[in-house]
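Subject: Structure handover and notes on packing

Hello,

Here is the structure you asked about, with the sequence alongside. My notes follow below it.

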Amino acid sequence: MNAPGERFDEATLATLEFPLVIEQIAAYATCGPGGGSVRVLRPYPDRAQAEEDLGLVDDAVSMFHAGTEFAFGGAVDFADALERAEVGGVLGGLELRDIARSERALATATASIKKWSTEHEKGERSTFTVDRRGLASLAAKRVETSSLTRRLETAVDDDGVLTDAASSELARLRRQQRSLSDDIRKRVDSIVRDASTAKLLTEAIVTTRGGRYVVPVRADSAGQVLGVVHGQSASGATVYVEPMACVEANNRLRGLEAEEERETQRVLAELSALVSAQVDALRCNGALVARLDSIGARARWAVAMRALAPRLIDATSIRIAHGRHPLLRRAAVPLDVEVGRDADAVVISGPNMGGKTVVLKTIGLFCVLAHCGIPVPASAGTEIGEFDHIACIIGDEQSIANNLSSFAAHLRALRSAIDRAAPRSLVLVDEIGSGTEPGAGAALAQACVEALLAAGTRIVVTTHYAQLKVFAASRDRVANASMLFDAATHEPTYMLAMGVPGQSLAFALADSIGMDDTIVRRAETLQGEDAQRLERAFANLAEERERLHEQSAAAERELDRLRTVETELRERVAAADKERQSFERRASEALDRAVQTVRDELIAKAERSESDARRQRTGANVEATDAMRRTMADIRRSLGLDQTAPAGAAPNAYAVGDRVYVRTFGQTGVVSEVFDRDVLVTMGSVKAVVSRTDLTRDPAVTAKDAGGETRTKSVQHAESRMASLDASTSIDVRGMRVDEAMPIVDKALDDASLAGLATLRVIHGKGTGQLGRGIRDFLKGHAQVQGAAFAPDNQGGTGVTVITLR
């Protein structure tokens with residue numbers, strides 16, 4: 001990582017509390033190298049590097065929001081082990097285990113990143129001013145070490161001990177040890193269980209001393225047990241004797257253990273050589289683990305803080321939208337502030353404890369975070385400019401050792417800032433010119449601000465001086481700002497108001513805490529009339545600003561309401577369209593059922609016919625079926641459910657007087673005049689010029705010509721009803737089922753509305769009343785219906801429904 005640049009020295013970073021924020025972020029790392037990588041983060045000297053990191057963090061945030069994680073649990077910094085392996089050193093089992101774990105964690109994390117990237121390669125990605133590598137491109141930098149990782153994982157267990165799979169010789173030696181150990185244990189057990197020996201023991205157990213199996217013998221009976229003594233208990237009451245029958249076997253066991261140790265060292269040396277052969281790849285992967293985990297930690301912190309990547313710009317300006325200082329424990333009030341666009345200097349005033357210092361630290365901290373590639377807790381629209389130097393003069397810099405008072409230390413810091421002032425400098429000063437006589441302090445503060453402005457520097461200062469507030473109000477490209485207080489309680493709201501100087505509220509606060517009124521009034525007199533007028537002017541400005549803010553908020557609320565209404569209307573239109581499509585589908589299904597019913601009836605009649613006339617009736621049945629199919633196709637076209645032209649119709653041969661069907665209107669009409677490409681069609685009381693390609697022959701006329709006298713009376717009756725809908729003020733649906741009548745009624749409503757009729761009569765008969773109820777339920781909420789009621793008794797009564805059209 002980069003060492004701290006001159007523009008952000010460590011003292012400035014400490015003043016802005018950058019180290020505390022870095023510790024916050026490091027806590028989100030998943031491994032030691034990742035946390036260490038976060039802790040050494042410093043502002044990049046090149047904006048492109050910061051933008052690249054912000055882009056990578058933004059990718060990681062998108063990945064986490066999608067429910068995909070990448071972590072490096074178990075990864076450690078093994079740089080020291082690599083150095084030893086590189087010069088021929090033998091690594092221990094734990095070191096080899098750590099290398100394997102780190103490589104496995106990296107392989108798993110990069111695979112997860114690549115999978116997410118593949119699935120979302122066409123998804124939405126943030127846009128930065130430079131072309132940046134994606135998170136997947138960074139993950140692709142992993143060097144392949146799978147064979148080494150598998151070898152280490154096979155050879156070393158989680159405790160860093162070589163497994164039997166590490167080598168065949170090691171497995172053989174361990175098998176022999178286990179077999180010999182079991183044999184020795186059985187021999188010793190038999191001695192312990194022997195009645196003549198058991199009475200000489202302090203306990204009937206088998207234990208080990210120095211890797212050899214022994215039995216605990218009472219000290220006064222040690223001479224009665226033949227064997228080798230390997231020590232005694234702390235009290236001296238027990239001696240540990242290796243039975244002579246087991247000495248030779250124990251010797252062989254120790255020999256096998258020595259061989260195992262030699263084989264272990266040989267295997268460790270072999271594994272270390274494998275590591276040494278890939279030391280460059282392992283170093284590269286180790287650095288990648290640290291970088292990816294650093295990116296992940298910043299992304300997790302961004303998710304927790306609701307932080308976004310700011311836009312980094314070349315200009316020397318800052319715009320913070322709804323910014324929140326990340327270290328505030330209370331709920332932070334969003335900060336909106338701009339420096340460098342309309343104003344090169346901002347003078348923030350207002351009573352103490354209002355949050356002025358927090359504003360300064362937030363501005364400086366956001367600059368540092370952004371150029372470290374760390375998102376900032378702010379909303380979209382936040383922009384951070386590029387500064388070569390940032391001076392942050394906050395707090396009491398008194399030094400007894402250097403014989404500096406607070407004011408002297410303050411002046412020294414101001415002098416240093418002015419000496420380094422340049423067009424790409426940002427100077428943040430808390431309580432500028434404070435610590436001395438107010439008149440002299442105010443004059444000195446104004447002079448310093450003027451000097452910094454002359455150097456082209458961007459400045460943000462806080463003050464209590466009225467002189468500096470007046471200066472800001474009268475000088476071009478210098479703006480006042482203030483921390484707002486509640487007018488009733490005088491409590492701080494921590495909100496920054498641009499363009500308005502702050503009030504001191506000294507007398508109001510004195511009144512609120514119960515100070516003697518005589519003293520307060522005397523203080524006002526001593527202040528002078530000019531100062532009081534100035535304070536009142538500031539108060540009026542604050543009130544005017546609050547009034548405008550309320551008006552703006554009201555306008556914004558009204559705009560939100562209108563947006564909501566617009567959304568609701570769009571949803572209603574969409575719902576109506578969906579309902580129309582649903583109705584068309586239901587109507588089509590109803591017609592299909594009607595055709596099937598008629599066909600079934602005709603077939604049933606044919607089956608009941610006499611056998612001697614079967615051929616004739618079969619022919620008639622086929623002919624009737626074809627006629628019904630043609631008739632129902634015509635009905636579909638008249639309802640607008642089928643817009644295909646009848647077979648054999650000449651689409652362009654029309655003459656005055658021809659009856660035609662207009663697809664776009666879904667209506668039939670009469671040709672009134674014929675032009676080259678268009679035709680004038682009269683549909684009831686409406687005339688329209690339509691394209692020839694939008695016309696077909698009137699389905700009713702065409703069907704009549706084609707069908708002749710072969711159609712049944714019921715089909716002809718339905719056809720005549722449909723053909724008479726255009727200009728009729730009533731429609732007869734008696735004898736129909738509800739699902740059959742609905743399309744007819746809906747089509748009649750369209751025709752009546754197009755013709756400009758005020759009412760439409762639907763004759764459904766009385767009968768059981770089911771058809772009438774079904775029609776009235778259908779009319780409820782219909783877009784074209786204003787009301788519906790039964791006709792008077794002398795006009796049909798409950799057998800007729802009179803519809804009032806909108």
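How many residues lie between S16 and S17 in the hairpin they form? There are 3 residues between the two strands. Please keep in mind that this is a predicted model.

Strand S16 covers residues 667-674 and is joined to S17 by 4 bridges, the two running antiparallel. Within that pairing, Glu673 stands opposite Leu680 of S17. Strand S17 itself, residues 678-683, is mostly covered, with 5 of its 6 residues buried.

A second hairpin is made by S1 and S2, with 2 residues between them. Gly210 sits in that turn and has a positive phi of about 65°. S1 (residues 207-209) runs antiparallel to S2, and 3 bridges join them.

Arg218 stands opposite Thr238 in S4. Of the 7 residues of S2 (residues 212-218), 6 are buried, so the strand is largely enclosed by the rest of the structure.

Strands of a sheet pair through backbone hydrogen bonds, either parallel or antiparallel. The partner of S5 is S9 (residues 383-384), joined to S5 by 2 bridges and running parallel to it. In this pair, Leu312 stands opposite Ile384 of S9.

Helix pairs

Two packed helices are described by the angle between their axes and the distance between the axes. I have two pairs to report.

For H14 (residues 406-419) and H15 (residues 438-454), the axes come within 10 Å and cross at roughly 15°. Angles under 35 degrees count as roughly parallel, so H14 is roughly parallel to H15. The crossing of H14 and H15 is left-handed. On the H14 side the contact is made by Phe407, Leu411, Leu414, Ala417 and Ile418, and on the H15 side by Leu444, Cys448 and Leu452. By class, the residues of the contact of H14 with H15 are 8 nonpolar, no polar and no charged.

For H2 (residues 18-26) and H12 (residues 279-305), the packing angle is about 100° and the axes are 8 Å apart. Angles of 65 to 115 degrees count as roughly perpendicular, so that term applies to H2 and H12. Val21, Gln24 and Ile25 of H2 meet Ala297, Arg298, Trp301 and Met305 of H12. The contact of H2 with H12 divides into 5 nonpolar, 1 polar and 1 charged residues.

Regards

Key. Residues numbered from 1 in each chain as written. Predicted model: local features only at pLDDT ≥ 70, side-chain atom pairs only at ≥ 80, totals over all residues. Heavy atoms only, no water. Axes fitted to C-alpha atoms, helices over the stretch in contact; angles between N-to-C directions. Parallel < 35°, antiparallel > 145°, perpendicular 65-115°, else oblique. Left-handed = near helix turned anticlockwise from the far one by under 90°. Contact = heavy atoms within 4.5 Å. Nonpolar A, V, L, I, M, F, W, Y, C, P; charged D, E, K, R; others polar. Buried < 20%, exposed > 50% of the residue type's maximum accessible area, 1.4 Å probe, protein only. Pairing = 2+ DSSP bridges.
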